[in-house]
Amino acid sequence: MPIIRTRDLRKVFRSPRRVPGAFGALRTLLSREYEEKIAVDGVTMSLEAGELVGYIGPNGAGKSTTIKMLTGILVPTSGEIEVAGVVPHEARTENARNIGVVFGQRSQLYWDLPLVESFELLRAIYGIPQAQYRRNLDAFIELLQMDEFLRTPVRQLSLGQRMRGDFAAAMLHDPKIVYLDEPTIGLDVVAKEAIREFIARINAERGTTIILTTHDLADVERLCSRIVLIDHGHVVFDGDVERLKNAYGKFRTLVLAFDEPVAHPVLDGAELEEADGATARFRFDRNRERADLLIRQASERYRLSDVTLEEPDLESIIRRIYVEGYAQPEETPR
Amino acid sequence: MHLWPAFLRLDGMDGSMKAGVMRMRFAPYVEFAKKAFAREATYRMEVATEVGSLVLRVYLLRSLWTALYAQNAAPMNLPLHSMITYATVALLMSLILEVDGTRLIREKLREGSIATDLMKPISVPFYFFSDGIGQTGLHAVLVIPSLLFSLLLVHIDVPSPAVLGAFALSFALGYCVNFFINFLMNSIAFWTLETFAIQLIVRWVSDLLSGQIIPLMFFPGVLGRLVVALPFAAVYSTPLLIYVGVIPPSGWASAFAVQIAWLVSFAALSSLVWRAGARRVVIQGG
Ligand SMILES: Nc1ncnc2c1ncn2[C@@H]1O[C@H](COP(=O)(O)OP(=O)(O)O)[C@@H](O)[C@H]1O
Ligand SMILES: [Mg+2]
């Protein structure tokens with residue numbers, strides 16, 4: 001039984017056409033003309049309990065809109081949603097008890113209060129039993145290193161500190177499902193790593209189902225085994241990250257640096273991509289050729305000063321899917 | 001969607017269960033009120049300024065009414081000491097009534113953070129109300145020093161306990177009517193964020209027509225009958241007139257009835273407006 005299920009989920013925003021000029025605001029208010037914007041266009045997906053899925057797409061692809069529909073604060077134009085057995089927008093408060101949400105762009109902490117008081121407020125809001133609250137809070141303080149700024153008003157926290165606070169706030173009530181919408185946006189490398197570690201542990205230790213939207217593919221490479229790629233409101237790929245890499249990234253690049261210039265380097269089984277005399281780049285299908293044999297071949301033919309093997313990165317693969325669309329490439333048996 | 005009265009639905013439970021559920025359901029709101037109190041208390045300068053400015057206004061109004069009464073002794077049979085009592089109590093009431101918990105609606109719509117509240121298992125309007133109660137709590141504490149300082153400047157009549165009780169009840173009803181008037185005003189922000197002009201006008205009109213500054217019986221003829229019929233009268237005028245005895249005990253019941261009628265109608269209207277507004281948010285995405 002999937003814990004999250006959507007079928008043909010669509011959201012069309014309808015907003016009055018803006019009238020420019022004098023009394024524009026008033027005329028906009030009275031206008032009967034609308035513009036329509038299709039934000040999500042037939043998204044069908046399902047998640048099993050305990051999955052950690054990356055929901056990836058360029059800006060404006062419809063990621064946040066999907067998340068908002070899953071939280072119940074946005075009503076779909078059509079299609080079906082079910083989250084932990086409830087339809088979110090029909091049972092907003094019931095759904096709210098099952099989920100935790102972190103929006104990178106927006107804090108749910110209370111601006112004027114010390115961080116810990118926001119946590120206390122959440123304890124009351126969700127009716128978290130004292131023992132559970134203490135246990136979770138202690139664990140999060142340690143994992144997210146929050147002790148130095150626990151009593152600082154949220155207004156005065158750095159972005160990294162605030163995000164850590166927001167993560168703790170979203171998980172205090174042990175939600176079954178957590179939505180993370182661009183949670184690492186604007187963070188430095190250290191803070192990003194701390195957050196990633198936290199996400200991985202929550203998923204592994206508590207079995208929390210997590211949907212993570214991000215523009216930073218390093219988040220995905222580190223955390224997700226499955227990704228759903230979305231573009232213009234459509235799902236263009238849904239599956240294993242490894243499978244995607246395998247299907248699209250069957251090519252490897254062997255970079256050779258020569259001791260003395262080589263005019264026309266050749267390797268059997270590999271295709272010359274680029275050469276400038278001192279270095280050469282060879283591309284090969286990793287399912288057909290073995291890297292170690294190619295390197296041996298190269299070292300028998302040329303005097304090498306350095307050898308590197310480059311893997312295709314997820315980013316370049318995904319960029320190709322957006323341009324070409326996902327056409328299941330034939331998978332060569334190994 | 002049951003956004004508004006969900007927290008009141010307790011039917012079909014036995015007594016002890018009800019008590020437990022009540023405690024659980026109300027716990028978040030008690031906490032909201034406490035936090036609002038704490039938050040307001042951090043603005044110490046503002047608090048001191050408030051007391052200072054209030055005492056100054058007590059002094060000015062005493063001088064003003066004394067001068068006016070020198071021209072025309074006891075207009076409408078309201079002796080000067082009653083008038084000064086009226087004006088001072090009105091100012092003390094304003095400490096509490098100027099709190100506007102529903103300002104949050106407007107602020108949250110502007111920032112787009114209303115979505116965060118809708119993602120919590122709470123009744124959002126009741127959250128605004130409890131936030132307002134918390135702020136009111138702090139302002140109620142301020143009534144004490146304000147009263148003490150005022151007593152150095154003016155004499156205030158203290159009526160019998162029965163009258164004080166009736167005043168307190170009427171004030172509580174007025175407080176709730178005021179909450180819903182504010183709620184409706186701030187809810188305009190669901191449709192247009194340019195609410196400033198409307199707010200300002202309503203503010204001026206209500207200050208004048210609520211009896212906060214001038215007792216409503218001083219308005220002549222038709223105008224007098226009109227302002228008494230407006231809902232603003234339920235906020236200041238009714239409790240104040242009970243306090244100074246212009247509304248005698250025989251008139252209390254009907255005075256409360258009118259206040260309750262306004263309260264019920266505004267609560268119903270607010271509920272409709274909130275549903276429509278929240279619907280807009282969940283359809284249009286804020
Ligand atoms: N409330 C709204 N009203 C009108 N258009 C919207 C609204 N919210 C989002 N959109 C539009 O819908 C599309 C998808 O937005 P969004 O889901 O925020 O994308 P993402 O999170 O993937 O960047 C965008 O083109 C955006 O401009
Ligand atoms: Mg987004």
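Predicted model: local features only at pLDDT ≥ 70, side-chain atom pairs only at ≥ 80, totals over all residues.
Q: Hi! Which residues come nearest to ligand 1?
A: Of the 13 residues around ligand 1, the nearest are A:Gly60, A:Lys63, A:Ser64, A:Thr65 and B:Gln284.

Q: Why is the site shared between chains?
A: Residues from chains A and B surround ligand 1, so the site is shared between them.

Q: What about the elements, which one gives the most to the shell?
A: That is α2(A), with three residues. Both β2 (34-47) and α2 (63-71) of chain A supply at least two residues each.

Q: And how do the shell residues divide into nonpolar, polar and charged?
A: Four are nonpolar, seven are polar and two are charged.

Q: Okay, what lies 2.5 Å from an oxygen atom of ligand 1?
A: An N or O atom in the side chain of A:Thr65 does. For A:Lys63, a backbone N or O atom lies 2.8 Å from an oxygen atom of the ligand. A polar side-chain atom of A:Lys37 is 3.4 Å from a ligand oxygen.

Q: How much of the ligand's accessible area does the protein cover?
A: The protein covers 69% of the 560 Å² that ligand 1 has on its own.

Q: New topic! What is the strand order in the open sheet of four strands?
A: In chain A the order is β11-β12-β10-β13, with antiparallel pairing. The edge strands, β11 (271-275) and β13 (304-310), each pair on one side only.

Q: How many bridges join β10 to β12 in chain A?
A: Seven, and the two strands run antiparallel. A:Leu254 stands opposite A:Phe282 in β12(A).

Q: Which helix packs on the sheet?
A: Helix α10 (residues 291-301) of chain A does, touching β10, β12 and β13 of that chain.

Conventions: Residues numbered from 1 in each chain as written. Chains lettered and ligands numbered in written order. Heavy atoms only, no water. Near = heavy atom within 4 Å. Polar contact = N/O pair within 3.5 Å; in protein donor to acceptor, adjacent residues only side chain to side chain. Areas by Shrake-Rupley, 256 points an atom, 1.4 Å probe, with all protein chains shown as cover. Nonpolar A, V, L, I, M, F, W, Y, C, P; charged D, E, K, R; others polar. Pairing = 2+ DSSP bridges. Contact = heavy atoms within 4.5 Å. Axes fitted to C-alpha atoms, helices over the stretch in contact; angles between N-to-C directions.
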